[in-house]
Amino acid sequence: MTDCPPLRIACVGEAMVELSRDSTHMTAQLGFAGDTLNTAIYLRRLLPENHHISYVTTLGTDAFSDQMLDYIRSERLATDLVTRNENRTVGLYAINTDMDGERSFTYWRDNSAARTLFQTPEGTDFSTLKDLDIVYVSAITLAILPNAVRCAFFEWIEQFRANGGRFAFDSNYRPTLWESRVVAQFTTARAWSMTDIALPSIDDEMALFGDTTEAGALSRLNDYGIPMGALKRGARGPVAMGGLIPERPYPAASSVVDTTAAGDSFNAGFLASILQGHPLEAALRAGHNCASRVIGHRGAIIPKDIWAQSH
């Protein structure tokens, strides 16, 4: 491990109200989550306190938005980059989990304030992202934005990287969020072409780009020239992109209760390790181990007291 100076990290996206149903008792639990928020929370829990981690989103001014903001702060994430939109509110999603821990989702997010992220009456404004070292987004972040804002964001990322910043990306593919599969393919490919730390999932890549084999997906991803990354493969564990290290076996999770946030928590474990200067192989293990812990609990976020006991 090398010495790692304090970093300013921003995770950008949509935070939502999470409704998790318990099919055994026919009750529902209210929480807050979202793919990039999940990663931000676990990244904050894993990185030393000297690293500054912000969550970047747009919320409404209603009671749910206020509760969301309080929740983000309760996880010790900086919220100074959160903007508010008085005409919109936060999105909502419900989780249904089957007997094997696999989940399905129902969404209500058309009026989400996060869809106005980086937008002003005059155009686009990325000033909230100034003075950062790492910017992390997912394809969900890109999907909820108008195409003109996506294009402006990519132009900003190019300049950000030219000035020494690093861009981390996860291609979470949600077909219903996109105008078309073609638009999703073009946008995601453009993001991969400027990614410094890649965190794809094999299922998403095959569904979006039509890769018929894992080797084919890896070959295509490597063609983008990504310098570092991990291809997530669920229970089989990750494989390093670029063939930098041999494939290794990974232990199975001791318990699978709910696979919600498996990929998001892997991203946090991997990033926390890499950003502290650990070798790639150690980062792969850290990501896998973090995801294995998270899927042993219901919901996206392990309660802080349970996390503290097991960490």
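I sorted the lining of the largest cavity by residue type: three nonpolar, two polar and two charged. Ala, Val, Leu, Ile, Met, Phe, Trp, Tyr, Cys and Pro count as nonpolar, Asp, Glu, Lys and Arg as charged, and the others, Gly among them, as polar. The model is predicted: local features need pLDDT of at least 70, side-chain atom pairs count only at pLDDT 80 or more, and totals for chains, interfaces and linings use all residues. Residues are numbered from 1 along each chain as its sequence is written, and side-chain values use heavy atoms, with hydrogens and water left out.

I listed the lining residues as N147, R150, C151, F154, F186, T187 and R190. Helix 4 and helix 5 are the elements that give two or more residues to this lining, and helix 4 has the largest share, four residues. A cavity is a set of points on a 1 Å grid over the protein atoms alone where a 1.4 Å probe fits but cannot get out; lining residues have an atom within 4 Å of a point. I noted about 30 Å³ for the largest cavity, the volume being the space filled by probe spheres set on the points, which are joined across faces, edges and corners.

Next I looked up helix 4, residues 147-162. Helices are DSSP runs (H or I, at least four residues), and strands are runs of E (at least two), numbered from the N terminus.

I found R150 and F154 among the buried residues of helix 4 (buried: under 20% relative accessible area, 1.4 Å probe, protein chains only). Just after helix 4, G164 takes a positive phi of about 100 degrees.

Definitions and conventions:
The expected span of a helix is 1.5 Å times one less than its number of residues. Buried means under 20% relative accessible area, exposed over 50%, partly exposed in between (1.4 Å probe, protein chains only). On a 1 Å grid over the protein atoms alone, a cavity is a set of points where a 1.4 Å probe fits but cannot get out, and a pocket is an open set with protein on both sides within 12 Å along at least five of seven lines; lining residues have an atom within 4 Å of a point.
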